[in-house]
Structure formats: structure tokens, C-alpha cells
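The sequence and the model come first.

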Amino acid sequence: MPSITYFIRFTLKNPKPGIEYEEQEHLHLEDAFKSFRLFAEPDSRWMYKHIELTEYNWEDCTDTPIASMDFAG
């Protein structure tokens, strides 16, 4: 198991009960950023409040923010 995993968390604008966000996992930072950038477009504002890319270290259980996007309204 790798010691680092990259997560993209999508905070939903209209969450379902018990499901506040959706998540993607990536093993490589380049792949995570590529996926993250796909959501930097106008239609994302209708589905998401916030999108965050983080680096999770399984050895010391830390989740470090790398990049984020906030959508108005």
C-alpha cells in the first residue's frame, strides 16, 4: 500500500441525507491535478460548493490541503 494518497473531495451544493461530499482517490499527484482541473469550469458551480485536493499520508495520518476551488451562490 502506498504511503501517500491524493484525494479530491467535492462538497455538494444540494447534498443527500448523510452524503455531504463525493470523493476521488489518486495515487499520483499529476493524475490528481489533471482530474482536479477538469472541474474548473462554469457548470461546476451548479453542483458543488467546494472542491479540494489533499495529500493524505497514511504513515502519520495527516491530510494536507494542496488546492481548492470555491463556487459562489
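## Contacts and overall form

Of the contacts in the protein chain with a separation of 6 or more, 49% are between residues 24 or more positions apart; contact means heavy atoms within 4.5 Å. This is a predicted model, in which local features need pLDDT of at least 70 and side-chain atom pairs count only at pLDDT 80 or more, while totals for chains, interfaces and linings use all residues. Residues are numbered from 1 along each chain as its sequence is written, and side-chain values use heavy atoms, with hydrogens and water left out.

The protein chain contains two helices and four strands, in the sequence order β-β-α-α-β-β. Helices (H or I, at least four residues) and strands (E, at least two) are DSSP runs, numbered from the N terminus. The C-alpha trace spans about 35 × 25 × 15 Å along its principal axes.

## Surface and charge

Of the 73 residues in the protein chain, 33% are buried. Buried stands for under 20% relative accessible area, exposed for over 50%, and partly exposed for values in between (1.4 Å probe, protein chains only). The accessible surface of the protein chain is about 5,100 Å², with 54% of it belonging to carbon and sulfur atoms; the areas come from the Shrake-Rupley method with a 1.4 Å probe, and for residues only the protein chains shown count as cover.

The protein chain has 7 positive and 14 negative charges, whose mean positions are 10 Å apart. Lys and Arg count as positive and Asp and Glu as negative, without His and the chain ends; each charge is placed at NZ of Lys, CZ of Arg, CG of Asp or CD of Glu.

## Strand β3 and its partners

Strand β3 (residues 48-57) is mostly covered, with seven of its ten residues buried. β3 pairs with strand β1 (residues 4-16) in the antiparallel sense over nine bridges; two strands pair if DSSP finds at least two bridges between them. Within this pairing, histidine 50 in β3 is the bridge partner of threonine 11.

β3 also runs antiparallel to strand β4 (residues 62-70), joined to β4 by eight bridges. Here isoleucine 51 stands opposite methionine 69 in β4. The hairpin of β3 and β4 has four residues between the strands, and cysteine 61 takes a positive phi near 55° there.

## Aromatic pairs

The structure holds six aromatic pairs. Rings of Phe, Tyr and Trp (its six-membered ring) pair if their centres lie within 6.5 Å; planes under 30 degrees apart count as stacked, over 60 as edge-to-face and the rest as tilted. Phenylalanine 10 and tyrosine 48 form a tilted pair, at 5.2 Å centre to centre and 40° between the planes. This pair links distant parts of the chain, with phenylalanine 10 in strand β1 and tyrosine 48 in strand β3, 38 residues apart. Phenylalanine 10 is buried at 3% relative accessibility, and tyrosine 48 is buried at 6%.

Phenylalanine 33 and phenylalanine 36 form an edge-to-face pair, because their planes are at 85°, with ring centres 6.3 Å apart. Both lie in helix α1 (residues 29-38), three residues apart, about one turn of the helix. Phenylalanine 33 is partly exposed at 25% relative accessible area, whereas phenylalanine 36 is buried at 7%. Ring pairs also link Phe7, Tyr56 and Trp58 into a cluster.

## Leucine 29

Leucine 29 lies in helix α1 and is partly exposed, with a relative accessible area of 29%. Apart from neighbours within four places in sequence, leucine 29 is in contact with Tyr6 and Ile66. Leucine 29 and isoleucine 8 are 21 residues apart in sequence, and their C-alpha atoms are 11 Å apart in space.
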